[in-house]
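Here is a report for anyone meeting this structure for the first time. Take a look at the sequence and the model, then read on.

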Amino acid sequence: MKTNSIQMTRQSQNGNVEAILKSSKYVLILLISFAVSNAKIMSTLSPFGIALTASLPLGLSYVSFLGSLLGYIFLNGITQSFSYIIALIAILAVKMCWNSTLMHKRNIAAISVVSFLVSAATGGIDLFVSDFSVGGLFLKICEAFLSGSMTFFCATTFRTLGSKSSVKSAGIKDLSSGLVVLGIIILSLFQFQIGFLNVGRFLGLLMILSFMYSYGFSGGVLGGVIVALCAVLYNPELAPTTGILIVASFFGGVFKPLGKFGQLAVFVVTNATGTLI
């Protein structure tokens with residue numbers, strides 16, 4: 001009886017832990033979807049909520065759909081995001097109809113093509129309903145390709161994170177996809193300000209320091225380049241300071257033998273000196 005009681009207690013605890021982890025995953029996807037729906041490239045292209053919803057398994061797609069829909073409505077407005085909202089509904093409808101075959105979670109190429117076609121169709125309709133122009137057509141084509149490629153990167157990253165193998169054993173395709181997705185998340189957070197703290201810049205800084213501490217100058221440069229690209233895509237006027245950031249990240253990584261505090265000191269001093277110059 002005592003053994004059975006202990007087993008039941010352990011099963012109950014495991015069930016509670018699994019429920020908490022599952023709920024945390026849903027909340028995280030909801031928040032990320034809300035944020036990335038307003039991430040913009042060239043201040044215009046923003047198909048990232050569509051791509052994320054397309055890339056996830058159907059059960060998680062419902063959560064991503066809700067987060068992206070709320071983001072498009074409250075951060076961008078219904079008028080500006082109308083074509084994105086239609087594409088979001090269309091991609092979810094396609095996944096619901098074909099989930100057992102075409103939309104299998106391992107068939108990354110198929111869902112990427114579907115994401116491209118849906119974005120191209122909705123973007124084309126929006127273009128012809130509004131004022132047609134050659135420049136607008138070019139942007140819609142770029143947006144469709146961006147949607148398809150980001151779907152591929154998101155789906156690859158999700159598969160890597162969900163696999164039982166270590167992230168360190170992942171291939172270059174998996175690591176590259178993860179870095180792209182991480183960059184888009186940082187880009188989306190540049191728009192959020194908490195007091196004097198910019199969430200995107202703060203997260204980018206933490207990523208740079210983490211890469212510096214772990215991989216030295218190569219990690220510092222990689223982290224600096226990613227954050228610099230995100231900052232420039234968010235606001236081109238930040239280009240001069242992002243160059244200084246890359247240099248500071250490099251020197252911070254070079255001085256890895258000094259330890260974490262030494263690296264941090266070099267990073268801060270280099271950044272401050274470059275900014276003053």
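## Ground rules

This is a predicted model, so local features need pLDDT of at least 70 and side-chain atom pairs count only at pLDDT 80 or more, while totals for chains, interfaces and linings use all residues. Residues are numbered from 1 along each chain as its sequence is written, and side-chain values use heavy atoms, with hydrogens and water left out.

## The overall layout

The protein has 10 helices and 2 strands. Here helices (H or I, at least four residues) and strands (E, at least two) are DSSP runs, numbered from the N terminus. Starting at the N terminus, the order is α-α-α-α-α-α-α-β-β-α-α-α.

Of the 277 residues, 40% are buried. Buried means under 20% relative accessible area, exposed means over 50%, and partly exposed is in between (1.4 Å probe, protein chains only).

## Open pockets

Rolling a probe the size of a water molecule over the atoms shows where empty space is left. The search runs on a 1 Å grid over the protein atoms alone: a cavity is a set of points where a 1.4 Å probe fits but cannot get out, and a pocket is an open set with protein on both sides within 12 Å along at least five of seven lines. Lining residues have an atom within 4 Å of a point. Grid points are joined across faces, edges and corners, and a volume is the space filled by probe spheres set on the points.

The largest pocket holds about 1,100 Å³ of space. It has 33 lining residues, and T157, F158, L161, G178 and V181 lie nearest its centre. Helices α1 (2-36), α2 (48-55), α6, α7 and α8 (199-234) each bring at least two residues to this lining, with α7 giving the largest share, 10 residues. By class, the lining of the largest pocket splits into 22 nonpolar, 8 polar and 3 charged residues. For these classes, Ala, Val, Leu, Ile, Met, Phe, Trp, Tyr, Cys and Pro count as nonpolar, Asp, Glu, Lys and Arg as charged, and the others, Gly among them, as polar.

The second largest pocket comes in at about 320 Å³. It is lined by 15 residues, and those closest to its centre are R201, V227, T241, L245 and N271. Helices α8, α9 and α10 (260-276) each supply at least two residues here, and α8 gives the most, with 6 residues. This lining has 9 nonpolar, 5 polar and 1 charged residues.

## Closed cavities

How many cavities of 30 Å³ or more does the search find? There are 2 in the whole structure. The second largest cavity has about 40 Å³ of space, and its lining is made by P47, I50, S83, Y84, S119, T122, G123 and E143. Helices α4 (82-98) and α5 (108-129) are the elements that give two or more residues to that lining, and α5 has the largest share, 3 residues. The lining of this cavity sorts into 3 nonpolar, 4 polar and 1 charged.

## Salt bridges

Side chains of opposite charge can pair when their charged atoms come close. A salt bridge here is a side-chain nitrogen of Lys or Arg within 4 Å of a carboxyl oxygen of Asp or Glu, and the count comes to 3.

D126 pairs with K140, their closest N and O atoms being 3.3 Å apart. D126 sits in helix α5 and K140 in helix α6 (residues 134-162), so this bridge ties together parts that are 14 residues apart in sequence. D126 is partly exposed at 28% relative accessible area, whereas K140 is buried at 18%. K140 also meets E143 (3.9 Å, N to O); these two both lie in helix α6, 3 residues apart, about one turn of the helix. E143 is buried, at 6%.

R159 bridges to D174, with the closest N and O atoms 3.7 Å apart. This pair links distant parts of the chain, from R159 in helix α6 to D174 in helix α7 (residues 172-189), 15 residues apart. R159 counts as partly exposed at 37%, and D174 as buried at 19%.

## A nonpolar patch

F217, V247, F250, F251, V254, F255 and L258 make a nonpolar surface patch of about 600 Å². Patches are made of residues with over 30% relative accessible area and no salt bridge: like charges are joined within 9 Å, and nonpolar side chains (Val, Leu, Ile, Met, Phe, Trp, Tyr) within 5 Å. Accessible areas come from the Shrake-Rupley method with a 1.4 Å probe, and for residues, only the protein chains shown count as cover.

Helix α9 (residues 239-254) gives the patch its largest share, 4 residues. V247 has its place in helix α9 and is partly exposed, at 41% relative accessibility.
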